[in-house]
Structures are given as C-alpha cells and as structure tokens.
Amino acid sequence: MSEYKAALERFRDRIPADVDALLVTEITNVGWLTGFTGTSGKVILGRDEAVFLTDSRYTLQADEQVSNMDVATYATPVRDEEFLATHLARLGVKRLGFDSTMVTVAQLDNWREKVADVEWVPAKEAYANLRSVKFEYEIERVRRACELADATFSHVQRMLQPGVTEEAIALDIEFFMRRHGAKVAFESIVVSGERSARPHGVPSSKPLEVGDFVTMDFGAWLDGYNSDITRTVVIGEATDRHREIYNQVLRANVECIEFIKPGMTGHDVDTRAREILNELDLGQYFGHGLGHGLGRLVHDSGRLGQNCLDVIEVGQIWTIEPGVYIPGFGGVRVEDDIVIRENGVEVLTSSPKDFLVLGG
Ligand code: ZN
Ligand code: ZN
C-alpha cells in the first residue's frame, strides 16, 4: 500500500550520515513503517534497501501485510541474531544505528557479542518523535476510533443512574466496542462520587448514587490507532458547586482548543488551562498535564505540560484534558482529541459536553 511508502521515506530521511543503516526494533515503529500487526519483527532500514525480518510464526502474515520492502523469515534451527547477522552482511552494513532509548543494555551486549562484524551506533535522534506528525491516512483512522468512542458514550448513557456499579459501566463500554470490531484502547476509567477525585481510578463495585460526579475515560483501539475521551456527568441531582466546577473545567477545555496553535510549546497551552482554572482557585487541584500525543499509542510522543518544550506542529494529534480533583468531594475531567491544521484545529471527538445530569 502506498501509505507505508510515505512512512518509509520519512524514516529514510532520518538515517544519520555516519551509519549505513538503522535497525528498527520497537514494535510500534515497525508497525507504523510496514503495516505489520504482529508482535515480533524488525527492520533493517538502509538508504537503498530495506528488509523486514521475522520468524516462521509470522511468515504468512508478513507476506500478506508488508509490501513496501522485502520480507525474510527464519525458522528453527536458525537463531534470531544469526539471521540478523546474515542480512546485515548481505546488505554490506558496517555501522548500524539503533534506538538507544528502547534497547536494553542486555540486548545490546547480546548483539555486540553475536553480531560482532557490525559496529553498533546509538542513534536515538533518528527515532525521536518520528510518528508525531501524522499522515492523512493515520488521522482518518484516529477519526474512526473517535467516532466509535462517541457512539460508545451515547450508548452507555442509559446506564448512568443510581444503583449501577462502576464496573458494570466499564464492562458495557468494552462490550460495545468489541461488538463494533474494536478493542478498548486501555482499561476504561469509571469513577464516581468521592472516587472521581482519582484521575486514574479503577472501576469498582461502588454503585452510582444521587449527587455523584461520574467520570468515564475510555477509548477505542481500531485498525492500529486509538481514541481517548473523557466525559463527566452528575447523577440525579446537581448542586451549584458541581455546576461551577464542571463549567470551569469545560471552559479550560474549550478555550485551550481555541488557543492551541502551531509554533507554541506544550508549556504554553498547559499554562493557559491553569490560568482559567485559577480564576476559581482550582489550579491547585489540576495535578497532571493538559494533554498528550495520540496515535498508534494512547500516550504517543509529545506532552502538553509545564515542563514540556515540545513544539506544536500541523498534523499532530493531541488530547486536551483539563481536570479538577478535590479530595473528599470528587473530580471532573473533559477530554477531546484534536488535529492541528493549517487553518485551526479540527476536533475529532464530538460527544456532547455541556453540563449533564442523568438518571434523576
Ligand atoms: Zn483519557
Ligand atoms: Zn488522555
């Protein structure tokens, strides 16, 4: 497929001048580069040649999925390192770059011992933020994962009433996604009442009660790409305090989506969220960053936060997820997924986010 040609070209442009080839071992990068969806395989990426290496468990799958480079597979009694050494020798690779942020010391020692004809060169810059700016076909896949997340939120609303447990809601989210050909992108977060003050709480057997905030954070993993959305509603009956906190978090979400622009840093956008929350002295309850990159991984490269100098670029996908968590009271988070475009921001998630009281 032509889409993986673009990935191949982008990666090739990153081969440093002082190496003959790069070794791609991190499976998320391997999938992004080749279209392979298995869990074991690597690529030798040279300037003119590239080869995908895997073992016999994946021979048929690799032949079917990988079309932008040669595929080579090995079987017992050939060993992984031996096979790698053979192909490096065939391609004339003398100096090989590797991702020093991902390769363990033990793995490197092993390679240096068993693939000794090659000089192993740390080349982490070649891999850094490689997938951060998305190709249009990637945005399309995240869009579809977002549409399924929106459909899930719409479906699960009938469950949001007193007596239904957090676990039952999480299970319903998972069922709905699996019935629609996806998997959950991560273990869904469903927390209610005082438990909603746990930003990454695990669903429990606690039933929803009147006056609870319920925060649901979930996403779909579909065709290799993820969505990630959070909505908070109130059960039965809301107080002014619920309304006030919710609406301020919502403002931070909406205004940061309007504010974010190419050339800003993750720090700039995060700071805007804190300014808005601090109008009601709520910044002290916002302990995590404003967002993260999204794509093949739920937490893809890039962060929006106080210490983040990552630069916002056209084609990146970000989450915008301000939250306020007050111990003993509860918490609110509103999370959307967005694409940075030339002429502004495209919001991929479209679930309603006005203050909502359900199950009265
Ligand atoms: Zn989330
Ligand atoms: Zn998120």
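Analyst: The secondary structure of the protein comes to 9 helices and 20 strands, where helices (H or I, at least four residues) and strands (E, at least two) are DSSP runs numbered from the N terminus. This is a predicted model, in which local features need pLDDT of at least 70 and side-chain atom pairs count only at pLDDT 80 or more, while totals for chains, interfaces and linings use all residues. Residues are numbered from 1 along each chain as its sequence is written, chains are lettered from A and ligands numbered from 1 in the order in which they are written, and side-chain values use heavy atoms, with hydrogens and water left out.

Along the principal axes, the C-alpha atoms fill a box of roughly 70 × 40 × 35 Å. Of the 360 residues, 54% count as buried; buried means under 20% relative accessible area, exposed over 50%, and partly exposed in between, with a 1.4 Å probe and protein chains only.

Now the metal site. Donors are N, O and S atoms within 2.8 Å of the metal (3.2 Å for Na, K and Ca); water is not among the atoms, so sites may look incomplete. Four donors count as tetrahedral if all angles lie between 85 and 135 degrees; four count as square planar and six as octahedral if opposite donors are over 155 degrees apart and all others between 65 and 115; anything else is irregular.

The zinc ion (ligand 1) is coordinated at 1.9 to 2.5 Å by Asp 217 (OD), Asp 217 (OD), Asp 228 (OD) and Glu 335 (OE). Its 4 donor atoms subtend angles of 56 to 149°, so the arrangement around the zinc ion (ligand 1) is irregular. The donor residues of the zinc ion (ligand 1) follow D-x10-D-x106-E in sequence.

The zinc ion (ligand 1) and the zinc ion (ligand 2) lie 3.1 Å apart, with Asp 228 as a bridge. Asp 228 counts as buried because its relative accessibility is 2%. Glu 335, at 0% relative accessibility, therefore counts as buried too.

For context, here is the nonpolar packing. A nonpolar core is a set of buried Ala, Val, Leu, Ile, Met, Phe, Trp, Tyr and Cys residues joined through side-chain atoms within 4.5 Å. The largest has 37 residues, of which Phe 11 and Leu 22 touch the most other members. At least two residues of this core come from each of α1, β1 (21-24), α2, β2 (42-46), β3 (50-55) and α6 (136-156).
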